[in-house]
Amino acid sequence: MATILSIKDLRKSYDDGFQALKGVSLDIEEGEILALLGPNGAGKTTLISTVCGITTPTSGTVTVGGYDIENDFRAARKMIGLVPQEIALEPFEKVSNTVRFSRGLFGHGRDDARIEEILTKLSLWDKRKNAIKELSGGMKRRVLIAKALSHEPRVLFLDEPTAGVDVELRKDMWEIVAELKQSGVTIILTTHYIEEAEAIADRIGVIDKGELLLVQDKNSLMAQMGKKQIEVMLTEAISAIPESLATHDLVLSPAGDALIYTYDTNAERTGITTLLNDVAQAGLVLRDVQTRQSSLEEIFVNLVSGEAA
């Protein structure tokens, strides 16, 4: 697919010397969902704000659909929809007017059919005549998305879109994002919810201290960096791991009824066969064996702590 957003060596420094972005480079393909993960202060919101023209870059270039965000600001900004973290809406305005007004800001003519389509897709049509102040927090977030989609952008930024939203509504939001992707919208979302990235993203980007640590296909990332654990459950609990099993680097479960062995899925040999033979030689009787894949959250924690190379 064609690249729709291209970021080259983007840097943002402040007068006090703080570097919020340190040479970030990233190409995003049309129609994909990229989840940008990182702790507080990592540079996620600064990156989005810079691409959207809210913050001026110190150096580097950004093009959206071929338009430079500084030299062709209006054309570039027209390509972008932004759903910010903060819910900043006029509380006494009606839902339909709020969304219609945003469309007009980008120079688009009135299109009631388009507004109805957006509000219907976001389950807001029956709330179109309600004042914003009458809506729940989750519905207000849907209005923010409707506003961002009103001018028909090709790239949609979602900055912590499900922050403060309950689990059920969060899953609804994931479905909305999937539908937007089906319609051809490219989506970049920042999130603290690891399961969010795991559920809907095509690629995962990890940013920390203003640097992009990696950008990789989600499944490939988990396959390459994820580890598996095998849990050997015993028929009888033991108080300590036998010395004959010391070379396997095992962990005894708190209850003493299971041995936990971690191995690399990419290793030429996993050592599982040898382990099971040695367990039997040690006189331990197996009750069951289970395996567990490392979660994306564990991979992420390892990355930002510098444990993954």
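**Questions about a predicted model**

Visitor: What share of the residues score a pLDDT of at least 70?
Guide: The protein averages a pLDDT of 88. The share of residues scoring at least 70 is 94%.

Visitor: How many helices and strands are there, and why is the protein called more spread out than a compact globule?
Guide: The protein has 10 helices and 14 strands. For 309 residues the globule rule gives 19 Å, and the protein is well over that, so it is more spread out than a compact globule. Its radius of gyration is 24 Å.

Visitor: Where is K12, and is it buried or exposed?
Guide: K12 lies in strand β1, which covers residues 3–13. Its state is buried.

Visitor: Which side chain of opposite charge is nearest to K12, and how far away is it?
Guide: A salt bridge requires the charged atoms to be within 4 Å. K12 has no salt bridge. The nearest side chain of opposite charge is 7.8 Å away, and it belongs to D15.

Visitor: Which backbone oxygen does the side chain of K12 reach?
Guide: Residues that K12 touches, not counting those up to four places away in sequence, include T55, T56 and P57. One of these supplies the backbone oxygen, at 2.8 Å from the side chain of K12. That residue is T56.

Terms used
Residues are numbered from 1 along each chain as its sequence is written. This is a predicted model: local features need pLDDT of at least 70, side-chain atom pairs count only at pLDDT 80 or more; totals for chains, interfaces and linings use all residues. Side-chain values use heavy atoms; hydrogens and water are left out. Helices (H or I, at least four residues) and strands (E, at least two) are DSSP runs, numbered from the N terminus. Buried means under 20% relative accessible area, exposed over 50%, partly exposed in between (1.4 Å probe, protein chains only). Lys and Arg count as positive and Asp and Glu as negative; His and the chain ends are not counted. A polar contact is a pair of N or O atoms within 3.5 Å; within protein, one must be able to donate a hydrogen and the other to accept it, and residues adjacent in sequence count only if both atoms are side-chain atoms. Contact means heavy atoms within 4.5 Å. pLDDT is the predictor's confidence in each residue, from 0 to 100. The radius of gyration is taken over C-alpha atoms; the globule rule is 2.2 Å times the number of residues to the power 0.38.
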